[in-house]
Structures are given as C-alpha cells and as structure tokens.
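I opened my notebook to look up one chain, piece by piece. Here is what I wrote down as I went.

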Amino acid sequence: MTAERLLIFDVADLRGIRVECKKCQAQITIRLDQTPGIKAVCPSCNAEWFGGQGAHDAALGLTNAIKLWLKYEREKKPDATLRLEFSDPTRQ
Ligand SMILES: [Zn+2]
C-alpha cells in the first residue's frame, strides 16, 4: 500500500502569486487584491520572463481566473468551493 500526504488549501487562502526570475532570482509577489498583473519583463534585470506573448497571456489568464473565482465565491456564495492540492514537499 502506498500513502501520499497532500497539502490542501482553499483558493480563498491564496495571498498572491510569486514570480521568480530564473536569471537574477528576483522575486515579486502579485497580490490578488492588486490591479496590476504579472509583468512580461523582470524589473530587476530586464530578462523577458515568458519568451513571448502566449506564455505571458497564460500567466495573466491564471491570475485573472483566480481573481474571478474569488469574486464569484464572495458575491454568489456557490454551494461548492475550490481547493488546491499540493504534494507535501517535506515527504519526498
Ligand atoms: Zn531578473
């Protein structure tokens, strides 16, 4: 028998999305209550983070989808909630 330990978080518990530059290791947290989205270029070293519009659009789409869900959950109070499952990094 195999057991797997998971970490489960409500989407409502998300504080933000962290963008980490692979070139200079700068880290920027996009808070979900802020209007500005994810930038396409690192403000520290000017590396182009997403290598083109498609990946940048996907990053913006992910952020906007989470914001839209939180708004819907807050205003419409649906009978279901979304939770995110993560593998426990301390168990590997
Ligand atoms: Zn950078």
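**Entry 1: strand β4**

I started with strand β4, residues 83–87. I counted its buried residues and got zero of five, so β4 lies largely in the open. Exposed means 12 or fewer, and partly exposed is in between, with C-beta atoms placed from the backbone. Strands here are DSSP runs of E with at least two residues; helices are runs of H or I with at least four, and both are numbered from the N terminus.

I also noted what I was looking at: this is a predicted model, where local features need pLDDT of at least 70, side-chain atom pairs count only at pLDDT 80 or more, and totals for chains, interfaces and linings use all residues. Residues are numbered from 1 along each chain as its sequence is written.

**Entry 2: the partner of β4**

Which strand pairs with β4? I found strand β1, residues 6–10. The two run antiparallel and share five bridges. Two strands count as paired if DSSP finds at least two bridges between them. I looked up two of the partners. Phe9 is bridged to Leu84 in β4. Leu6 has Ser87 in β4 as its bridge partner. Then I checked the cover on β1.

**Entry 3: the hairpin**

Next I took strand β2 (residues 16–20) and strand β3 (residues 27–31). They pair in the antiparallel sense over five bridges. Val19 stands opposite Ile28 in β3. β2 and β3 form a hairpin, with six residues between them.

I stopped at Gln25, which lies in the loop between β2 and β3. Its phi is positive, about 65°, although Gln25 is not a glycine. Is Gln25 buried or exposed? It has 10 other C-beta atoms within 10 Å, so it is exposed. I also took its distance to Ile8. Gln25 and Ile8 are 17 residues apart in sequence and 27 Å apart in space, C-alpha to C-alpha.

**Entry 4: the helix**

Helix α1 covers residues 53–76, which makes 24 residues. From its first C-alpha to its last it reaches 33 Å. That is close to the 34 Å expected at 1.5 Å a residue. The expected span is 1.5 Å times one less than the number of residues. I counted buried residues among the 24 and got zero, so by the rule above α1 is hardly covered.

Asn64 lies in helix α1. It has 11 C-beta neighbours inside 10 Å, so Asn64 counts as exposed. Asn64 and Gly37 are 27 residues apart along the chain, yet their C-alpha atoms are separated by 8.4 Å.

**Entry 5: after the helix**

Lys77 follows α1 and lies in the loop between α1 and β4. Its phi is near 45°, a positive value in a residue other than glycine. Lys77 has 8 other C-beta atoms within 10 Å, so it is exposed. Lys77 and Cys45 are 32 residues apart in sequence and 42 Å apart in space, C-alpha to C-alpha.

**Entry 6: the whole chain**

I finished by stepping back. The chain has one helix and four strands. Along the sequence the pattern is β-β-β-α-β. Its C-alpha atoms fill a box of roughly 45 × 40 × 20 Å, taken along the principal axes. The radius of gyration, taken over C-alpha atoms, is 16 Å. A compact globule of 92 residues would have one near 12 Å. That rule is 2.2 Å times the number of residues to the power 0.38.

How much of the chain counts as buried? I got 0% of the 92 residues. Last, I looked at contacts, meaning pairs whose C-beta atoms, placed from the backbone, lie within 7 Å. Among contacts with a separation of 6 or more, 45% join residues 24 or more positions apart.

Terms used
A residue is buried if 20 or more other C-beta atoms lie within 10 Å of its own, exposed if 12 or fewer, and partly exposed in between; C-beta atoms are placed from the backbone. Two residues are in contact if their C-beta atoms, placed from the backbone, lie within 7 Å.
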